[in-house]
Amino acid sequence: MNQIMNITFRLTVSCLLAAVVMGSTFIITNKAKTHNEHVREETVRFSLLGYSHETPPPESLVMHELYRYVVKEAGQQYIGYLLPASHDAAAPFVFVVLDLDGKLAFQQPVELAEEKAISAKDRETAILAAIGGGKEIVFAEQAIVVTDDGQRAAYLLGGKFPGFKTFIHVMMALDPKYSMLGFEVLEHEEDPGLGAEIEQDYFKNQFDGKTFEILKGLEVVKEPLPGEYQKALEGKVDESAQMAMMEKYREQDIYALTGATISTKAVTDGLKGITKKFAYRIDTLDSVLKEQQIAVSF
């Protein structure tokens, strides 16, 4: 009997020690993983805007993060935006809630320190404290409004859509008129040598400079990518020749990747969908902010 109790005790202690070690390892590595993901996203954001270590952004460049939520109350559904307020506002953030017709339902100032806004839990706690009980909020997406010297310069959007196998995660940059500045593939599981070519410049850069009108009707063509165009897309010609070639193919549909038409169409349709939805939402939000004279930082 004593031997059984001794073995049980030893196993229990071993399990507890293992749990402590595994838990500590998870906390440490997860914190490092989150930090590394944040650093990578920052690098991608600046890269899409044309900045790097060699060409740093100007001090006048500011990124304003906005967060979209689905708000539910008494069987009704609304869309809520957590927005950075203007400098002279009563609170650092304002939560603007629209009904499904795009009209203002209500707004509330939100007390939330700027550095805590990156935490989903802190955001949710602050929003619920501001709007009162009886409501449920579900995070939907995040976007960034980029201003330069107070003027809107770009939008940065994250998104995901189904690929050939699993979801493709992207980050894209649009100018204030929703023309494509560029996009980056953050995660995917497309086939190497086929769909995985969506990471290559000769594919990604086909979208650069497409206006909103072109993007809305963009399709995929199963034709060989012209050699002169590929060289320009890969930056293998001088800048003036590259600009001329990009202008020549500005209204061209997207050339399908060899053996990966499904992946090509997935990216094309995915970027189109994200752009169209964002343009509608930000136009609607801007109209409400203007009509209701709600002062925000962008």
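Reader: In the protein chain, what share of the contacts with a separation of 6 or more comes from residues 24 or more positions apart?
Author: This is a predicted model, where local features need pLDDT of at least 70, side-chain atom pairs count only at pLDDT 80 or more, and totals for chains, interfaces and linings use all residues. Residues are numbered from 1 along each chain as its sequence is written, and side-chain values use heavy atoms, leaving out hydrogens and water. A contact means heavy atoms within 4.5 Å. Among contacts with a separation of 6 or more, the share from residues 24 or more positions apart is 54%.

Reader: How many helices and strands are in the protein chain?
Author: Both are DSSP runs, numbered from the N terminus: helices are H or I with at least four residues, strands are E with at least two. The C-alpha atoms of the chain fill a box of roughly 85 × 55 × 40 Å along the principal axes. The chain holds 7 helices and 10 strands.

Reader: What percentage of the 298 residues is buried?
Author: Buried means under 20% relative accessible area, exposed means over 50%, and partly exposed lies in between, with a 1.4 Å probe and protein chains only. Of the 298 residues in the protein chain, the buried part is 37%.

Reader: How many bridges join strand 1 to strand 5?
Author: Two strands pair if DSSP finds at least two bridges between them. Strand 1 covers residues 61–73, strand 5 covers residues 136–148, and they run antiparallel. K72 stands opposite E136 of strand 5. The number of bridges between strand 1 and strand 5 is 12.

Reader: Which residue in the turn between strand 1 and strand 2 has a positive phi?
Author: Strand 2, residues 76–84, pairs with strand 1 in the antiparallel sense over 7 bridges. Y67 stands opposite L82 in strand 2. The two strands form a hairpin with 2 residues between them. The turn residue with a positive phi, about 50 degrees, is A74.

Reader: Why do the buried residues of helix 2 count as being on the same side?
Author: The buried residues in helix 2 are R123, A126, I127 and I131. The arc is that of the directions from the helix axis to the C-beta atoms. They are on the same side of helix 2 because they cover an arc of only 120 degrees.

Reader: Which strands do the buried residues of helix 2 pack against?
Author: The face turned away from the buried side carries the exposed residues K121 and A129. The buried residues pack against strand 1, strand 2, strand 3 (93–98), strand 4 (104–110) and strand 5.

Reader: How far apart are the end C-alpha atoms of helix 7?
Author: The expected span of a helix is 1.5 Å times one less than its number of residues. Helix 7, residues 261–291, has 31 residues, so it should span 45 Å. The end C-alpha atoms agree, at 45 Å.

Reader: Which residue has the backbone nitrogen that the side chain of T264 reaches?
Author: T264 lies in helix 7, and it counts as buried because its relative accessibility is 0%. Leaving aside neighbours within four places in sequence, T264 is in contact with F203, V220, I254, Y255, A256 and L257. The side chain of T264 reaches a backbone nitrogen at 3.0 Å, and that nitrogen belongs to L257.

Reader: Is D149 buried or exposed?
Author: D149 lies in the loop between strand 5 and strand 6 (151–162). Its phi is positive, near 55 degrees, though D149 is not glycine. At 64% relative accessibility, D149 counts as exposed.

Reader: What is the distance in space between Q3 and K265, C-alpha to C-alpha?
Author: Q3 is found in helix 1, residues 2–48. At 61% relative accessibility, Q3 counts as exposed. Q3 and K265 are 262 residues apart in sequence, and their C-alpha distance in space is 66 Å.

Notes:
A polar contact is a pair of N or O atoms within 3.5 Å; within protein, one must be able to donate a hydrogen and the other to accept it, and residues adjacent in sequence count only if both atoms are side-chain atoms.
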